[in-house]
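Dear colleague,

Please find the structure for your review below. My notes on a metal site and on a helix pair follow it.

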Amino acid sequence: MSVAVPGRTYDVTIGEGVLARATEHLPPMPAAERAFVIADAAVAERYLATLAEGLEDARLRTVHLSVPQGEDAKTVQVMTALHRQLATQEAHRSDPVFALGGGSVGDLAGFVAATYMRGVPFVQVPTTLTAQVDAAIGGKSAVNLPEGKNLVGAFHQPVGVVADVSTLATLPEREYRSGLAEVAKYALTLDLELLASLEADPSPVLRREPAALERLVARCVRAKASVVRGDERDEGGRLVLNYGHTLGHALERLDAFASRSHGEAVATGMVFAARLSEATGRAPDGLVARHVRLLSSLGLDPGAPLPPPEEVLGAMRMDKKYRGGVRFVLLEDVGRPFVDDGVPEDAVRAALEAMVPTGGTDR
Ligand SMILES: NC(=O)c1ccc[n+]([C@@H]2O[C@H](COP(=O)([O-])OP(=O)(O)OC[C@H]3O[C@@H](n4cnc5c(N)ncnc54)[C@H](O)[C@@H]3O)[C@@H](O)[C@H]2O)c1
Ligand SMILES: [Zn+2]
């Protein structure tokens, strides 16, 4: 599948076993000698050798640059260490940087590739469901500051994305389910066929059958690419990708709830957005119930308890995007998202109170 960005397109290759033949799916890099592959130790142990063998066949020597696992990799310190390793090894401008791993490694490696020598070729090899359906597509890269997530970053599109769905077999269950929340997001906001197939039978996806995963990842990539194409630099159109994320981010910001995975927080956020859509009369009754059914069938717990409404509102006010009212992506129905820029706090408070389990939850 091709993703168009202004001035060029790049291929996103999705399949079983494509990791071993990554270069076949990338544009030729005749001047490149070495591939600098950024990966944490756990991912490298499983998948680096397979990737490296294929690169070797294309006369690219692999240099592994190791980073901490997960979000801990996305720091200025780790980034600087990588810049310096590239410099001491005399990486040159044609040598590509590869991200092999989840979204954290992708975001970090993308920013390193964007900034080392003002930009070197970058290849995404996502190995988590979240990265395959979301983080690896769209060209956003970033590291965190103590003051906040993703505060330093750049847009740097990859020359290619190679998503091997067989790597998802080793993903811990919780990571996998977290990715399924983003899948549900695409299904509910943008892809009614995907929604119908998940509603009809989620079991092939839950069993991580490669053929089902290949279709699923492809549909999600197509959905994300279509949105990103119209809004490469994140100036408005991409907002629908934030469905469920207004409350989701607020929950992640509240320490007592930070143990929730991103996907779990987004799942709760989507149920909340559906509730707000119903409560403001924009969506038909039944939307909330449909969300709860879908998310539960994917192993997510949309009825998980919420903090007190005032705490949530406080966390929402800290959002970069907060402007008086709260900005939400809502649905007129499944497949029909719209952005409401100023949902009054009273409406948010009322919907939160309706969510707080005072004896009964949404289920
Ligand atoms: N740039 C974007 O558009 C975008 C979009 C969504 C998320 N993100 C970012 O992505 C990050 C989250 O990414 P994530 O959810 O992929 O998790 P992650 O990258 O933070 O962590 C992944 C964890 O799973 C392990 N892992 C990775 N692949 C594995 C595999 N195949 N088998 C077994 N273990 C494996 C890793 O070792 C690591 O511990 C966040 O920092 C978020 O901000 C960016
Ligand atoms: Zn998300």
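Donors are taken as N, O and S atoms within 2.8 Å of the metal (3.2 Å for Na, K and Ca), and since water is not among the atoms, sites may look incomplete. The model is predicted, so local features need pLDDT of at least 70 and side-chain atom pairs pLDDT 80 or more, while totals for chains, interfaces and linings use all residues. Residues are numbered from 1 along each chain as its sequence is written, chains are lettered from A and ligands numbered from 1 in the order in which they are written, and side-chain values use heavy atoms, without hydrogens and water.

Metal site. Glu182 (OE), His245 (NE2) and His262 (NE2) coordinate the zinc ion (ligand 2) at 2.0 to 2.1 Å. The spacing of these donor residues in sequence is E-x62-H-x16-H. Glu182 lies in helix H5 (residues 173-189) and His245 in helix H9 (residues 245-253), 63 residues apart, a pair that links distant parts of the chain; helices are DSSP runs (H or I) of at least four residues, numbered from the N terminus. Glu182 is buried, at 1% relative accessible area, and His245 is buried at 6% (buried: under 20% relative accessible area, 1.4 Å probe, protein chains only).

Helix pair. The axes of H6 (residues 192-200) and H8 (residues 210-229) come within 10 Å and cross at roughly 150° (axes are lines fitted to C-alpha atoms over the stretch in contact, with angles from 0 to 180 degrees between N-to-C directions). H6 is therefore roughly antiparallel to H8 (over 145 degrees). Glu193, Leu194 and Leu198 of H6 make the contact with Leu216, Arg219 and Cys220 of H8 (heavy atoms within 4.5 Å).

With kind regards

Methods: Helices (H or I, at least four residues) and strands (E, at least two) are DSSP runs, numbered from the N terminus. Angles under 35 degrees count as roughly parallel, over 145 as roughly antiparallel, 65 to 115 as roughly perpendicular and the rest as oblique. Buried means under 20% relative accessible area, exposed over 50%, partly exposed in between (1.4 Å probe, protein chains only).
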